[in-house]
Protein chains: 2
Amino acid sequence: MMIRQLFDKESSTYTYLVADRAAGVAALIDPVLEQIDRDLAVIRELGLTLTHVLETHVHADHVTAAGRLRERTGALTCASAAGAPCVDVRLGHGDVVRIGEIAITALSTPGHTDDGMSFLVPGAVFTGDTLLIRGCGRADFQNGDASQLYDSITRTLFALPDDTVVYPGHDYKGLTSSTIGEERASNPRVAGRDKASFVTLMAGLGLPPPRRLAEAVPANRACGALA
Amino acid sequence: MMIRQLFDKESSTYTYLVADRAAGVAALIDPVLEQIDRDLAVIRELGLTLTHVLETHVHADHVTAAGRLRERTGALTCASAAGAPCVDVRLGHGDVVRIGEIAITALSTPGHTDDGMSFLVPGAVFTGDTLLIRGCGRADFQNGDASQLYDSITRTLFALPDDTVVYPGHDYKGLTSSTIGEERASNPRVAGRDKASFVTLMAGLGLPPPRRLAEAVPANRACGALA
């Protein structure tokens, strides 16, 4: 299994390439519209065929490349059944997407949004905006729910082995990966904090709305189609 | 062995933490002054002691945190004997720095600057500005020499096994790692190009001077001491 992390500086979004080199096939998780040529160049230079595009949720801060990638490569788009209606494969908790010999298991992790999913591969988990490095996604729009988010982090993700590598959907400080053990011990949003304390903390963040919310959410519900 | 990649958005610099978790010791490669608190927090949260700071070269685009880290942690600073005179350990080609059970081997790779070094660990190489992903450092200041740079890339680095992971000193497009095999096949600066063609290409780049050249080079020759 090859994992390649890709960064979009404008939105601080991480996209991930997950590939079975021997089988010559790959998936992209959370691709960004503006980076489609970069990502397709990486895939081409590695001699891979893109078979699947997975979304961790309907994003509010960037527009997905999923639909455009489907048009250009024939890849299947995959996301939570609670998410964008445009996708080809509507996933539920425990569903598996196969990329050659690699099983990608969908874990339902709502709370940042109501369609939040994390994607588990052997030894690593792609956590979208549910769990960030020493942080987590906000829960104050798109049917976010801090109580659900707390459960998704502490019950679903923290049930994984300590040495599971955490690949988040964003980072704003230049951190690129973590582990479940590190986040359980050192994530200031949840370490040593009960659900009530977390919900109070999240309610008091006082963040401005995401800059691209009005544009990105409807575009992403249409797999990136811009009006 | 744990490798953790860290990014400074301002200068698009990658810093690397290389740690022997069992022994509880770590090195930082190319730390950035403005990120010292972030990097020390990561080291502390992982329960590690910083024993060495390694520089791939005297940088012209950011100021190193090496001297400040030495003051705060007692770590030894290490760089090419041809580089900053302030360091504790002056490395030559083939010298080894030990981080617990991990051997970091210094490879002399001049050309971007005359003191360029790459650092080899099992399965991966930290290439500084000698080899970037699908690119390379410029060779038009700080005693840079395109002919030397070509040899450093094609003779020293490309002599490593194809599956060696390449961790560069910078990336400007959001790419985070590559492999020697990929760069040999797809790096447009060197793939299928002889030395004469490379030298001509590099001479014609017409790049403006690095923004922080006048400030950064003298500061970095003093391990980050600012006037």
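**Sheet and two-fold**

Tutor: Let us start with B:Ala27, which stands opposite B:His52 in strand 4 of chain B. This is a predicted model, where local features need pLDDT of at least 70, side-chain atom pairs count only at pLDDT 80 or more, and totals for chains, interfaces and linings use all residues. Residues are numbered from 1 along each chain as its sequence is written, while chains are lettered from A and ligands numbered from 1 in the order in which they are written.

Student: How do you know that strand 3 and strand 4 of chain B pair?

Tutor: Two strands pair if DSSP finds at least two bridges between them, and strand 3 (residues 25-29) and strand 4 (residues 49-54) of chain B have five bridges, in the parallel sense. Strands here are DSSP runs (E, at least two residues), numbered from the N terminus.

Student: What makes strand 1 and strand 6 of chain B edge strands?

Tutor: The open sheet has six strands in the order 1-2-3-4-5-6 in chain B, with mixed pairing. Strand 1 (2-8) and strand 6 (89-91) of chain B each have a single partner strand, so one side of each is left without a neighbour in the sheet.

Notes. Helix = DSSP H or I, 4+ residues; strand = E, 2+ residues; numbered from the N terminus.
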